[in-house]
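Hello,

Here is the structure I promised to pass on to you. Have a look through it first, and then read on for what turned up among the charged side chains.

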Amino acid sequence: MAGIAFSYFCGNCMPLYLSLLVVGSSVMLLSLLWQRLPAYAFGVALMLSLFSLGATVATLDNDSDSQNWSGEKGCFEALLLETPHVAGKATRVTAEVTRVGRDSVARARRNGRVYLYFANNVSLESLSAGDKLLFEGRVEPPSNAGNPAEFDVAHYMFVNGITGTAYLAEQQWRLSGPADDTFTTTVQRWRDKIVEIYASMGFGKDVASVLSALTVGEKRDLSQEIRDVYAAVGASHVLALSGLHLGILYMVLSLLLPLLVQIRVLRGVRELLILSFLWLFVAMAGFTPSVVRAALLFSLMSVARLIRRDGSSLNSLALAAVVMLVVSPRLLHDIGFQLSFSAVFAILLLSDTISRLLRADKYGPAYKYFASLIAVSFAAQIGTLPFVWYYFGTFPLYFLLTNIIVVPAAFLIMLLAVVLLLSTPLAIVQHFVAWLLDALISCVNFLLRGIESLPCSSLQLPAIGAATAFSVGAILLICLYAIMNRHRVAAVAAMLSAFAVVGYNVYVSWADEYDAPYIIFFNSRSCPAMQAVVSKEQSYMFTTYPANDADYDRVAAPYWKKRRMAQPMPVMECCYNDYGDASVVNDNGLVQFYGRRIKVLADEHWVNDSIIEPVDCIYLCRGFLGSIKDLLLIYPTRNIVLDATLYKNSRVRILRESAQAGVNAVDLSQRGAVMLPCRIGGTQFVDMRGKY
């Protein structure tokens, strides 16, 4: 892990990495052959070799993915890796894309895994995993919009091996041949078939989506409301396939294959059958890091059981991590990998100690089960705390109560799901099992909604940076080690260090905030979005679209939540509807806010204006087609902001005319969101990319 991180931050130093690998391997071999070397020489050489191995594989991985798509229009062939699932304004499908024909840009990427977005006015029912398409369009490399507190799409796509995106209209693609029956597409069809069986049982939408997510990892049907409920109460791990689900499946398969345990050869056959089903389940789940980690651990445990060795140790966990990171070093940046391994690490390290403190063996099997469940849940929550804090900024206070409900329920749901699939020829039995599943999942959803409604169900934590999260994790480990070994002074020192690190980070984050009032221009292709902020409790959102068409929440809401701001008051169609109060005035698209004058234009009505109005800046949105030279005669300014909703040709023309007029033009589609402070002289736009 240290080698991969070093390569990520320090770049390509392949000669150094290979030299360290050779030195480390040589010292390891020498320490085995020559006993005069110190006892610690082998350990130091092993760590050096692993460090250089991580740096080497990470460098090779980055070099293999260094080329980007050119973004030029061309002809491409695509193999669909999943069945289209209509949702939202566009349907996203993962596909393996190859460029057809020669590329005009030297060293541009010609193939790779991309996201294809189909317009939802296109009929997609005929498409399925394995289909081949020919399409004409542009494959763009991953990029972020540059809005504050936005989800890092480019990093997410990098971690998941997605090299670009393409948007396809109805006339831009056609089927090019019969479906390709690869292992990936075949498993995907099995997964789709299981989801179809669930749909035929008449489940409600929430029940069917939770069942699909919990059993085969299909989460595209999950509503945002269900996601928010499970996240708020600390039950998201149930919806994301992980070791919990593989453990339940392993137990179910062990119950179904109980007769081959007496003879050692037959016991090996039994373990092989169970592991085959487990890895098939992993393939059906899309080889996500959490299930791959769990499958590797179960495989090591099975091998250890056959040779009568202990396979449930931290060494097995470390070996699983090394194997996964050698195959795909970028997994180190994946949140699923981080949460999965930190949770299991904490469980292996702490659960036995917590169980002893709870005296799990003293009051009977029922108490032992619940005490063990509490110990595992508490240990996993401690292990994942730095990552949950950094990525989500929340902490579920009732996670113990939640896990007491969802873990036994998940076992019953998966057991009933297996019975449901096996009883397909028996319609009466299948419908009875479906009724039980519907009642059980509905009850779980009802209880989790009840827990979410409890006071302080989810504690909002102050935002922290990556360095602080790492420090908190390291200090937490030291503190736990000191407590377990009864080093009281070290434990108190670690706790004080944790409070000092977190307190300093909170102070810096608050001190770094911009003083209100200010204006933010968000980069959004769906609709213009200009937010005027008076304070965290009071702000205004201006857009040129009607209320039914405005879609600014998607780009602006992460910023509100990160800053814990109240939702702004919307001023819709600000070019036509006037508004005014003590803080802001909008008069026919002329926004006056704490000394700033912003003219918002999305049509040609301004050509009839006769009064000259000097302004701080002009905000041009889709619908503006006029001349910049003529515009400046009526609204003199030194600054023009180009909204991302403008068509590309319009942006190019406006940028050219602005340069000729000597005006500073800010293109949000290229620069990202910008902020205009209101308490300083002049007009200085501040980039918001990467802020908060």
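**Salt bridges in the model**

The side chains of Arg653 and Glu657 form a salt bridge, with 3.3 Å from N to O. Please keep in mind that this is a predicted model. Both partners sit in helix H21 (residues 648-661), and because they are four residues apart there, about one helical turn separates them. How exposed or buried is each one? Arg653 has 19% relative accessibility, so it counts as buried, and Glu657, also at 19%, counts as buried too; the cut-off for buried is under 20%.

Arg671 and Asp687 make another salt bridge, at 2.5 Å from N to O. This one ties together distant parts of the chain, 16 residues apart: Arg671 belongs to helix H22 (residues 668-671) and Asp687 to strand S21 (residues 686-687). Arg671 is partly exposed at 28% relative accessibility, and Asp687 is partly exposed at 35%.

There is also a network to look at: Glu82, Arg191, Glu218 and Arg220 are joined into one by salt bridges that share partners.

Then there is the salt bridge between Arg597 and Glu613, where N to O is 2.5 Å. Arg597 lies in strand S16 (residues 596-601), while Glu613 is in the loop between S16 and strand S17 (617-620), so to speak a link between distant parts of the chain, 16 residues apart. Arg597 counts as partly exposed at 22% relative accessibility, as does Glu613 at 25%.

Across the whole structure, the search finds 13 salt bridges.

Best wishes

Conventions:
Residues are numbered from 1 along each chain as its sequence is written. This is a predicted model: local features need pLDDT of at least 70, side-chain atom pairs count only at pLDDT 80 or more; totals for chains, interfaces and linings use all residues. Side-chain values use heavy atoms; hydrogens and water are left out. A salt bridge is a side-chain nitrogen of Lys or Arg within 4 Å of a carboxyl oxygen of Asp or Glu. Helices (H or I, at least four residues) and strands (E, at least two) are DSSP runs, numbered from the N terminus. Buried means under 20% relative accessible area, exposed over 50%, partly exposed in between (1.4 Å probe, protein chains only).
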